[in-house]
Amino acid sequence: MTGTRILRVGLTQWHATTDVEVNLATAIRLIREATDNGATLVVLPENGLMLGSNVQMREAALSEDAEPIAALRRVAHEQDVVVILGGMKNRTEEGVFNSALVIDRDGTLAGRYDKMHLFDANIDGQSFEASTVERPGSGPVLLDIDGVRIGLTICYDVRFPELSRELAAAGAEVLLFPSAFVQSTGAAHWHALLRARAIENLAFVVAPATVHSPNAESTDAFATYGHALAVSPWGEVLADLGCSPAAVTVVELDLSAVATARTKLPVLKGRRAAEVYGSGPKVITAGARTKEPI
């Protein structure tokens with residue numbers, strides 16, 4: 001492929017609540033601001049349209065033909081931009097999934113990725129039983145935009161590096177991690193996890209995020225970390241939206257950086273066949289004490 005390949009991505013962040021109309025208005029405002037500043041792709045955070053308790057999110061699950069999705073489709077068409085709604089409770093005939101919806105420039109739904117790894121965790125005494133709300137997705141999904149191959153994931157997927165590696169091995173140059181990351185685990189792990197996924201796969205990482213309320217008296221179901229992030233294939237942080245309650249920045253991704261990094265460190269080509277790893281590790285036993293001479 002010849003010529004400079006650039007992807008201009010709108011990286012977004014906002015404080016999401018249970019108020020879908022307010023969240024939607026913020027999303028639309030940030031999409032317009034991103035495209036006014038040259039974005040050709042805008043990525044929205046997981047649960048950006050509705051963030052609440054498990055019960056609240058299950059009850060508020062939307063179908064793909066719901067009015068908030070139609071409104072995002074209209075603004076994508078109006079702005080001539082690809083929009084990824086990074087994660088929503090998606091009510092389908094097969095059940096509720098946590099889906100990233102890809103909305104094309106003409107406003108049509110191009111496809112979706114269903115989150116594969118569900119957040120069944122207990123953090124600081126609060127139980128997050130995502131499997132009581134949603135079903136897991138069945139496989140990885142890639143997206144091609146103007147010849148740029150992008151790997152789709154959602155939030156907790158970042159802790160399963162085998163998914164990112166599979167996407168990179170299949171050609172992904174950019175990995176997306178739209179998130180609603182818990183504040184305490186974010187403070188401990190967010191930057192390290194995202195930089196690790198970028199470095200080990202020599203790919204750009206783009207991670208829009210929800211963020212906790214600036215109001216200390218907030219009644220949010222749980223606080224999220226913010227710090228929407230973009231990382232280079234070499235692990236450099238290109239953008240960090242900090243704790244801003246509503247922000248967008250356009251990050252220019254020069255895809256030649258991926259090729260350069262993968263030429264220096266051809267780790268994807270160095271992978272061994274799957275059966276080598278699948279055979280299980282050999283166990284060496286040592287440390288037994290004996291008085292017998294050898």
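Visitor: Where is threonine 153 placed?
Guide: In this predicted model, threonine 153 sits in the loop that runs between strand S9 (148-152) and helix H4 (161-169).
Visitor: And is threonine 153 buried or exposed?
Guide: Threonine 153 counts as buried, because its relative accessibility is 1%, under the 20% cut-off for that class.
Visitor: What does threonine 153 contact, leaving aside its neighbours within four places in sequence?
Guide: With those neighbours set aside, threonine 153 is in contact with Tyr113, Leu163, Leu167, Leu176, Phe177 and Pro178. As for leucine 176, its backbone oxygen lies 2.7 Å from a polar atom of the threonine 153 side chain.
Visitor: How far apart are threonine 153 and glutamate 173?
Guide: Threonine 153 and glutamate 173 are separated by 20 residues in sequence, and their C-alpha atoms are 13 Å apart in space.
Visitor: Switching to helix H3, which of its residues are buried?
Guide: The buried residues of H3 are Pro68, Ile69, Ala71, Leu72, Val75, Ala76 and Gln79. They lie on the same side of H3, because the arc they cover around the axis is only 155°.
Visitor: How many residues does H3 have, and what span does it reach?
Guide: H3 (residues 67-79) has 13 residues and reaches 18 Å from its first C-alpha to its last, close to the 18 Å expected at 1.5 Å a residue. Just after H3, aspartate 80 takes a positive phi of about 55°.
Visitor: Which residues touch the most other members in the largest nonpolar core?
Guide: That core has 48 residues, and Leu7, Leu41, Ile84, Ile150 and Val174 are the ones that touch the most other members. A second, separate core has 37 residues, including Ala34, Phe119, Phe222 and Val248.
Visitor: What does valine 174 touch?
Guide: Not counting residues up to four places away in sequence, valine 174 touches Leu7, Val148, Arg149, Ile150, Gly151, Phe204, Val206, Leu253 and Leu255.

How values were computed: Residues numbered from 1 in each chain as written. Predicted model: local features only at pLDDT ≥ 70, side-chain atom pairs only at ≥ 80, totals over all residues. Heavy atoms only, no water. Helix = DSSP H or I, 4+ residues; strand = E, 2+ residues; numbered from the N terminus. Buried < 20%, exposed > 50% of the residue type's maximum accessible area, 1.4 Å probe, protein only. Polar contact = N/O pair within 3.5 Å; in protein donor to acceptor, adjacent residues only side chain to side chain. Contact = heavy atoms within 4.5 Å. Expected span 1.5 Å × (residues − 1). Arc of directions from axis to C-beta. Core = buried A, V, L, I, M, F, W, Y, C linked by side-chain atoms within 4.5 Å.
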